[in-house]
Amino acid sequence: MKQLWNDIVNLFYPRLCILCSRPLIKGEEQICLHCLARLPYIRYESQQRVDSWFAGKSEIQYARAYLHYEKGSSVQRLIHDLKYHGNKELAYLLGRWAFLRLQAEQSPLCQAEILLPIPLHPKKKRQRGYNQAEWIAKGIASVLSIPIDTTSVVRQVKTDTQTRRHIYERWTNMEEVFTLISDEALKGKRVLLVDDVLTTGATFNSCASVVDGIAEIRLMAFALAQV
Ligand SMILES: [Zn+2]
């Protein structure tokens with residue numbers, strides 16, 4: 001009955017592909033199979049380059065990105081949709097699709113024991129209503145069946161030495177830092193850091209530095225921006 005109702009609703013209000021606006025067919029979610037096949041996937045061989053960014057800089061052992069991110073590209077539209085248009089379901093699906101693929105490649109990322117989405121500053125999370133990295137992690141968890149940790153690490157604005165600065169200067173000098181609240185859940189685990197876009201790696205490195213020494217760290221970014 002529910003299926004019949006869905007079919008009727010679809011007939012009058014067809015769900016459209018968010019990239020090409022063609023009506024989706026049964027089994028397609030958000031993006032049609034045609035557009036999905038044409039996304040700029042990062043080939044397995046070129047993943048080594050992502051790894052090499054972090055070599056020697058931190059304890060990050062494997063780094064992977066799923067798609068190339070370029071201005072004006074379909075990937076930019078996807079990121080925009082999941083970040084600013086409240087499309088949490090898309091973030092979930094992208095995390096799920098990425099890991100169905102990585103699982104088929106037997107990627108070491110799939111040996112992760114716990115997911116740590118890069119936290120947003122609480123104020124930003126309140127404004128947006130959600131953390132897109134958390135929703136990508138939910139999609140990944142649907143494939144790997146592992147827990148998501150959203151409480152052990154928090155993101156804050158650095159406050160030391162700010163007192164002497166002029167108020168304007170304080171705004172421009174605001175630096176966000178990650179703080180480890182508790183190491184209980186992460187201790188000795190293979191932790192997978194998750195975020196939407198990897199640009200310079202600074203955010204990942206900064207977040208990894210607070211779990212350095214207590215956990216084995218890997219990272220996964222949905223998209224890799226060329227710098
Ligand atoms: Zn399409």
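Cys207 is buried, because its relative accessibility is 0% and the term covers residues under 20% relative accessible area, with exposed meaning over 50% and partly exposed in between (1.4 Å probe, protein chains only). Cys20, at 29% relative accessibility, counts as partly exposed. A disulfide is a pair of cysteine sulfur atoms within 2.5 Å, and by this rule the count comes to zero disulfides.

The model is predicted: local features need pLDDT of at least 70, side-chain atom pairs count only at pLDDT 80 or more, and totals for chains, interfaces and linings use all residues. Residues are numbered from 1 along each chain as its sequence is written, and side-chain values use heavy atoms, with hydrogens and water left out.

Cys20 also takes part in a metal site. The zinc ion has the protein donors Cys17 (SG), Cys20 (SG), Cys32 (SG) and Cys35 (SG), at 2.3 to 2.4 Å. Donors here are N, O and S atoms within 2.8 Å of the metal (3.2 Å for Na, K and Ca); water is not among the atoms, so sites may look incomplete. Along the chain, the donors of the zinc ion follow the spacing C-x2-C-x11-C-x2-C. The angles among the four donor atoms run from 104 to 116°, and the site is tetrahedral, a label given to four donors if all angles lie between 85 and 135 degrees. Ideal angles at a metal are 109.5 degrees for four tetrahedral donors. Cys17 is buried, with a relative accessible area of 2%.

Most residues other than glycine have a negative phi. Ser21, however, has a positive phi near 65°. Ser21 sits in the loop between α1 (2-12) and α2 (33-37), where helices (H or I, at least four residues) and strands (E, at least two) are DSSP runs, numbered from the N terminus. Its relative accessible area is 48%, so Ser21 is partly exposed. Gln30 lies in the loop between α1 and α2, and its phi is positive too, near 65°. Gln30 is buried because its relative accessibility is 11%.

Next comes the sheet. Four strands form an open sheet with parallel pairing, in the order β1-β6-β5-β2. The edge strands, which pair on one side only, are β1 (60-69) and β2 (114-117). From one strand to the next the twist averages 20°. Two strands count as paired if DSSP finds at least two bridges between them. Strands of a sheet pair through backbone hydrogen bonds, either parallel or antiparallel.

Strand β1 runs parallel to β6, and eight bridges join the two. Seven of the 10 residues of β1 are buried, so β1 is largely enclosed by the rest of the structure. Strand β5 (residues 190-198) and strand β6 (residues 216-225) run parallel and are joined by eight bridges. Val197 stands opposite Ala223 in β6. Helix α7 (residues 132-144) packs on the sheet, where it touches β2, β5 and β6, and its direction makes about 125° with that of β5. Such axes are lines fitted to C-alpha atoms, for helices over the stretch in contact, and angles run from 0 to 180 degrees between N-to-C directions.

Strand β6 also holds Arg218. Arg218 is buried, with a relative accessible area of 3%. Not counting residues up to four places away in sequence, Arg218 touches Tyr62, Pro108, Leu109, Gln111, Arg190, Val191, Leu192 and Leu193; contact means heavy atoms within 4.5 Å.

Helix α4 (residues 74-84) has Val75, Leu78, Ile79, Asp81, Leu82 and Lys83 as its buried residues. These pack against β1, α5 (88-104), α6 (122-128), α7, β5 and β6. An α-helix has 3.6 residues a turn, so residues three or four places apart point the same way. Gly86 follows α4 and has a positive phi, near 65°.

Within helix α4 lies Leu82. Leu82 counts as buried because its relative accessibility is 0%. Not counting residues up to four places away in sequence, Leu82 touches Asn87, Leu90, Ala91, Leu94, Tyr130 and Gln132. Leu82 and Asp196 are 114 residues apart along the chain, and their C-alpha atoms are separated by 9.3 Å.

Note on methods:
Tetrahedral: all angles 85-135°; square planar, octahedral: opposite > 155°, others 65-115°.
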